[in-house]
Amino acid sequence: MTGITELNRFSDRQATLKGWVYNKRSGKAHIFIVLRDGSGLCQCIVGKDDVSDDVWLAAESLTQESSVELTGMVKADERSLGGYELHVTGIYIHQITSEYPITPKDHGVEFLMENRHLWLRSQRQWAIMRVRNEIIFAIHRFFQDRGFIQMDAPIFTGNAAEGTTTLFETAYFDEKAYLTQSGQLYGEAMAMAHGKIYTFGPTFRAEKSKTRRHLTEFWMIEPEMAFYDLEMNMNLAEQMLSYIVAEVLQKRKAELEIIGRDTTLLEQVSSPFPRISYTEAIDILTSDKTREMLEKMEGDRQAEKTALDEELKALNSEFGQAKKGRKFQIEGRTREIRARIEEIEEDFRNIPVWKKSALEKKWGDDFGGSDETILTMQFDKPLMVYGYPTAIKAFYMKRDPQNDEVAMGVDVLAPEGYGEIIGGGQREDNINLLLERIKEHDLPEEAFKWYLDLRKFGSVPHSGFGLGLERTVAWICGLKHVRETIPFPRMLGRLYP
Ligand code: 4AD
Ligand code: MG
């Protein structure tokens, strides 16, 4: 058996490909089968005059997603997908598929999500998963090459790490337990044993919001380093993101092309990233520049909608007299326009809300998704925002020694409107201050006894951060929603498939 990606070694030789029929076109003399084998696609040609009647009939019977083995001669052909074709001489059928639900026509996203187990076979979804895989490997390489030890944090935990409002509670024999929101607290213990560690595991948040950036189950990468301050932490985050993006651009170019990702801005992702304080971020959000940007956005959308409305009218009046092929085109374009108009109308509803949220922002307020979007639209690279108000950050964050109101935390916001992909900072290493924070946040002191021990036995300055894998995949692939970044997304209202 040969993989499609290995065909270059079989030029002018016989090979057998095992896979599924992705697409089929039949003519009088030839049947063209696009075969999918998991590693790629290959055009396979059955010539009526070249094969026995049995083989021709077998080819005729093939349907989308039928499972087959095709044997034939491998021929180099520049014009062909992947550069090689298979001139078929033999067909072995595993199963003829009937009524495969996902056809080449447009399906709504809800339908596709219901069929996620099958949707994963479509080319675009296939390409996204390959990019995800590349990102995962790049992250491991980055940390392993720098002496970090990968360690796993538990998934059942007795206490909250990131506030008590998004906890998934579960029974743990006679005790109450929670699914972990973050491996960080355990990461801190592990960093005191190994110096530099990272966790890479599933984390859970009972997020009741249906947004394009929230999952209830997502994967987080959390490095934690002894003797690192906030500045060193930010340098590491910057180097890591630059490395991941460079690796994907180099190794997954073909996949990014399938996804249709414009990589212009990704190519600019290299150190240094802009770094601004939370206070500066507030100034940007409330500036005239932000107001003008949003007003321009409204104007641009209005102009786009007017043009689309006119195009729709024209297509509509053409439809009656159009030939069959043209009718098909008109229907396709009409669907596209309608979908875009829906997006624009959503923007019309959103922009005033975004504007109000940004322009009325006061020191002490947290940033919402739209505020992050507005901030990142004003920078071409990932943006680091540090020094958030203590009141809106987690109990473990160290306070700025110069200013008690400011926490030494940093968020990294991905450009092109993506927003937060990293949250992190320097940790409180003084046992008395940490105890105070635990009380202020109304957390059960008993549950944190082990965590306090880390400040009792050889406490050192230390820092770390958490990178959300799915948001990173969404940004690098240029996807609107995180639901396509993970094989089987878990979100509010989605537990199947
Ligand atoms: O900012 P967060 O909540 O930070 C922490 O959990 C820290 N304990 C991390 C640390 O310092 N070790 O989450 C970190 C990242 C976010 O920036 C985001 O990328 C991702 O995790 N994230 C989510 N991704 C998808 N769906 C959700 N509901 C997410 N919540 C957080
Ligand atoms: Mg955060």
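1. Helices (H or I, at least four residues) and strands (E, at least two) are taken here as DSSP runs, numbered from the N terminus. On this basis the protein chain contains 14 helices and 18 strands. The model is predicted, so that local features need pLDDT of at least 70 and side-chain atom pairs count only at pLDDT 80 or more, while totals for chains, interfaces and linings use all residues. Residues are numbered from 1 along each chain as its sequence is written, chains are lettered from A and ligands numbered from 1 in the order in which they are written, and side-chain values use heavy atoms, with hydrogens and water left out.

2. Taken along the principal axes, the C-alpha atoms of the protein chain fill a box of roughly 85 × 55 × 45 Å. The chain exposes about 24700 Å², of which carbon and sulfur atoms supply 51%; accessible areas come from the Shrake-Rupley method with a 1.4 Å probe, and for residues only the protein chains shown count as cover. Among contacts (heavy atoms within 4.5 Å) between residues at least 6 apart in sequence, 69% join residues at least 24 apart.

3. Helix α12. In this helix (residues 431-440), the buried residues are L434, R437 and I438. They lie on the same side of α12 because they cover an arc of only 100° around the axis, the arc being that of the directions from the helix axis to the C-beta atoms. An α-helix has 3.6 residues a turn, so residues three or four places apart point the same way. The cover over the buried residues of α12 includes β14 (399-400) and α13 (449-453). On the face turned away from the buried side are the exposed residues N432, K439 and E440.

4. Ends of α12. The N-terminal end of α12 is capped by N430, which has a side-chain oxygen 2.8 Å from the backbone nitrogen of N432. Just after the helix, D442 adopts a positive phi of about 60°.

5. Other positive phi values. Most residues other than glycine have a negative phi, and most peptide bonds are trans. E99, in the loop between β5 (84-95) and α2 (109-114), has a positive phi near 55°. E99 counts as exposed because its relative accessibility is 77%. F173, in the loop between β8 and β9 (175-179), also has a positive phi, near 55°.

6. A nonpolar surface patch. F156, Y172 and F173 form this patch, with about 370 Å² of accessible area together. Patches are made of residues with over 30% relative accessible area and no salt bridge, with like charges joined within 9 Å and nonpolar side chains (Val, Leu, Ile, Met, Phe, Trp, Tyr) within 5 Å; a salt bridge is a side-chain nitrogen of Lys or Arg within 4 Å of a carboxyl oxygen of Asp or Glu. Y172 belongs to strand β8 (residues 169-172) and is partly exposed at 34% relative accessibility. F173 is exposed, with a relative accessible area of 73%.

7. Cis peptide bonds. The bond from S271 to P272 is cis, with omega near -5°; P272 is in the loop between α7 (253-259) and β12 (275-277). The bond from Y496 to P497 is cis, with omega near -5°, and P497 lies in the segment after α14 (469-477).

8. Q125. This residue of helix α4 (residues 123-145) counts as buried, at 1% relative accessibility. Not counting residues up to four places away in sequence, Q125 touches R116, W119, L120 and E484.

How values were computed:
Buried < 20%, exposed > 50% of the residue type's maximum accessible area, 1.4 Å probe, protein only. Polar contact = N/O pair within 3.5 Å; in protein donor to acceptor, adjacent residues only side chain to side chain.
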